[in-house]
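User: I'd like to go through how the labels on this model are assigned. Could you set each value against its definition?

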Amino acid sequence: MRSIKYDVVVIGAGPAGLAAASRAKAMGVKRVLLVDRDREPGGILQQCIHNGFGLHLFKEELTGPEYAYKFIEESYASGVEFLMNTMVLTIQPDRQIYAINRKVGMLKIEAQAIVLAMGCRERNRGAVTIPGSRPSGIFTAGTAQRFVNMEGYMPGRHVVILGSGDIGLIMARRFTWEGAKVEGVFEIMPYSNGLNRNIVQCLKDNNIPLHLSHTVTKVHGNERIEAVTVSQVDEHFTPLSGSEQVIPCDTLLLSVGLIPENELSRDAGIHIDPVIGGPVVTDEMETTLAGVFACGNVVHVHDLVDNVTRESWLAGEGAARLVLGQQPTRDLVTTKAGSGVRYVVPHKIHVENLATRTTTLYLRVLQPEENVRVELVSGTKSLFSVHQRVVRPAEMVSINVPPKRITATAGEELMVRLVREGDKA
């Protein structure tokens, strides 16, 4: 078994891993290694050929490959080393990584700091339990995207899409542009789970109907899918008798959510937040396993790659500070989701960092709201408040707390809650 040593090892060469690795190098870390199981860096961005990336970070519209290339180029130029076509098998508590590569076989990689950036995976048919047969022609939206954009293969010509996640909305437009007929997008929730801009640009601009409070209740077909039964659901998501509609199709796309890829994290004993499915992290993006950091969709699913990059810079900086002996003290406060809020990341914040730098809190709300305040509260005292004109579960909310704006003591709990304008706190 070959053994190699690095200061920082980043697992995953998608947008999160690339940003973390290049930032660690910029902080002065000498040896940084990026490990990925794919044959080329860039991750999921390589199949996202539509534009709309980089609007917040670069103030320009880029395609996925263009956005990825900026960070691939930066990583190579800064001296980050790449180890592609390599599968990480385990991470040990002493920060030893065991991996396998087809050219050199088993590898033991010793690291002073590790950054987890494995991204996420799509929920499949097994996760949503659709009754009926198991014919071909049922794909996750991301798989169909790869077939069309990278492999040049058209999965079908008569399409139904279940779920209104962003990939599903984008593929509704892509299939239409390629000459397929998209019968509609069916969403079980009473609101869409995609960005508003994608609802407008992908569905409305292409006359593709969006049916809310609807779901697929049966799949028809033997060798190949021939049709689906779609039903309306009530407020408890129970199909309404008499609302059934059979829609002929040769393809069913599933856009029913994403799951952070955390098998390695669980095996390493890292504490996983059951709400988001990702590691519990500090504002340095350090997990509960000392010296192991995490960022991007492996922590919580993002809707904008710009936020993935910003969060991953924090992870790269945190890993670099550990290697360089510059970590803040272990005095921490805890964040907690309050009324109207589903979750908050990071889970813990260094008291020292509250005084020296802007702290960004990422959160998602439980239901759509208008004209609300996002409040940061300690006990009964409101410490910080930001007005939000519109909040939706599909769109992550980020709150920037300026340095020295709030004071807190170690062990204190900071609650993040939603308050309607005009309501008493």
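User: What makes strand 5 and strand 6 a hairpin, and how many residues lie between them?

Analyst: Three residues lie between strand 5 and strand 6 in this hairpin. Strands here are DSSP runs of E of at least two residues, and helices are runs of H or I of at least four, numbered from the N terminus. Two strands pair if DSSP finds at least two bridges between them; six bridges join strand 5 to strand 6 (residues 105–116), and the two run antiparallel. Within that pairing, Ile97 is opposite Ile109.

A note on the source: this is a predicted model, where local features need pLDDT of at least 70, side-chain atom pairs count only at pLDDT 80 or more, and totals for chains, interfaces and linings use all residues. Residues are numbered from 1 along each chain as its sequence is written, and side-chain values use heavy atoms, leaving out hydrogens and water.

User: How do you know that strand 4 pairs with strand 5?

Analyst: Five bridges join strand 4 (residues 86–91) to strand 5 (residues 96–101), in an antiparallel arrangement. Val88 faces Ala99 across this pair. The hairpin has four residues between its strands, and Arg95 in the turn shows a positive phi of about 65°.

User: Why is Cys48 called buried?

Analyst: Buried means under 20% relative accessible area, exposed means over 50%, and partly exposed is in between (1.4 Å probe, protein chains only). Cys48 has 8%, so the label is buried. Cys249, with 5%, is buried as well.

User: What makes the buried residues of helix 4 line one face?

Analyst: In helix 4 (residues 141–151), the buried residues are Ala141, Gly142, Ala144, Gln145, Val148 and Asn149. Seen down the axis of helix 4, they fall within an arc of 155°, so they line one face. That arc is taken from the directions from the helix axis to the C-beta atoms. As background, an α-helix has 3.6 residues a turn, so residues three or four places apart point the same way.

User: Which elements do those buried residues pack against?

Analyst: They pack against strand 7 (120–122), strand 8 (138–140), helix 5 (166–177) and strand 15 (251–254), where contact means heavy atoms within 4.5 Å. After helix 4 comes Gly152, with a positive phi near 70°.

User: Why is the pair of Phe147 and Tyr153 called edge-to-face?

Analyst: Rings of Phe, Tyr and Trp (its six-membered ring) pair if their centres lie within 6.5 Å; planes under 30 degrees apart are stacked, over 60 edge-to-face, and the rest tilted. The search of the whole structure finds six aromatic pairs. In one of them, Phe139 and Phe147 are 5.8 Å centre to centre with 90° between the planes, which is edge-to-face. For Phe147 and Tyr153, the centres are 5.5 Å apart and the planes are at 90°, so this pair is edge-to-face.
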